Amino acid sequence: MNKNQLENLCQQSCVLVEQVAQFIQAELGKVQTDAIETKSLNSLVSYVDKQAEQRLVSGLAELLPGAAFLTEEQTVTQGDGEWRWIIDPLDGTTNFLHQLPFFSISVALQHQGQTVIGIVYEVNRKEGFYAWKEGGAWLNGRRIAVSSNTRMADALIATGFPYYDYSKTQAYFQALEQFMHNSRGIRRLGSAALDLAYVACGRFDAYFEYSLSAWDIAGGAFLVQEAGGKVCDMSGRDQYLDNGEIIAVAGGLSAAFIPIVNKAFYPEPV
């Protein structure tokens, strides 16, 4: 698939994602308590997540027949292949169920294990972030780029609090304390995909979190890369989709930001 074909597939996928976002928004405030399931500690799901995923899977399967899927709600057979879609149909389910307006859809397409399309759609503000390989990153038709900030003192940082895996909380709070003392501020909004999209467009200067799944971050991480940012795991390597540890940062801050997280989580060299 050449660059033009990738761009076309990305644009078609964006149309589908926007349609599914309209369904999600229409269900806001309608989910009854007895319709909410607890998958694991602090991990909630409703019919909205599942139906949104089914709509995405059905539409994407038509756009790229034969592609495999990796999806959060597993409404389709999970697999691997030359082409694979990675989907989080509703990132920020807890926000959605509490009617807090910060949740999104995340879609990524991989070819032979490498991401080539990333889409994050913010449902409430109707903001579509998207990118295709070597095509840059975009927001509703406008080219976006990471922040040009080079000063930690001016950095606005996003993160996500651990909510079921507390094995690294000491390291997490060590890094958090450093950023509290040496940045403009820290935000925890509740959707990893959107945190990454906001890094890609320069609203946040950096983001870090651990204990994530590939569907949380695949689309957004690719947006940051195509927008000129740096993405790695907390050891500084590129295994973030596998180990669920991620740092995303504007290029001008990477030399200052990454070592703070790395030292907290990996005081001994990896």
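A polar contact here is a pair of N or O atoms within 3.5 Å; within protein, one must be able to donate a hydrogen and the other to accept it, and residues adjacent in sequence count only if both atoms are side-chain atoms. You're looking at a predicted model, where local features need pLDDT of at least 70 and side-chain atom pairs pLDDT 80 or more, while totals for chains, interfaces and linings use all residues. Residues are numbered from 1 along each chain as its sequence is written, and side-chain values use heavy atoms, with hydrogens and water left out.

**Around S147**
- S147 sits in the loop between β9 (142–144) and β10; helices (H or I, at least four residues) and strands (E, at least two) are DSSP runs, numbered from the N terminus.
- S147 counts as buried because its relative accessibility is 16%, and buried means under 20% relative accessible area, exposed over 50%, partly exposed in between (1.4 Å probe, protein chains only).
- The S147 side chain also reaches the backbone nitrogen of N149, at 2.9 Å.
- Leaving aside residues up to four places away in sequence, S147 touches V199, G202, D205 and A250, where contact means heavy atoms within 4.5 Å.

**Helix α5 and what follows**
- In α5 (residues 192–200), 9 of its 9 residues are buried, and V199 is one of them.
- After α5 comes G202, with a positive phi near 90°.

**Around Y166**
- Y166 lies in the loop between β10 (156–159) and α4 (169–182).
- Y166 is partly exposed, because its relative accessible area is 45%.
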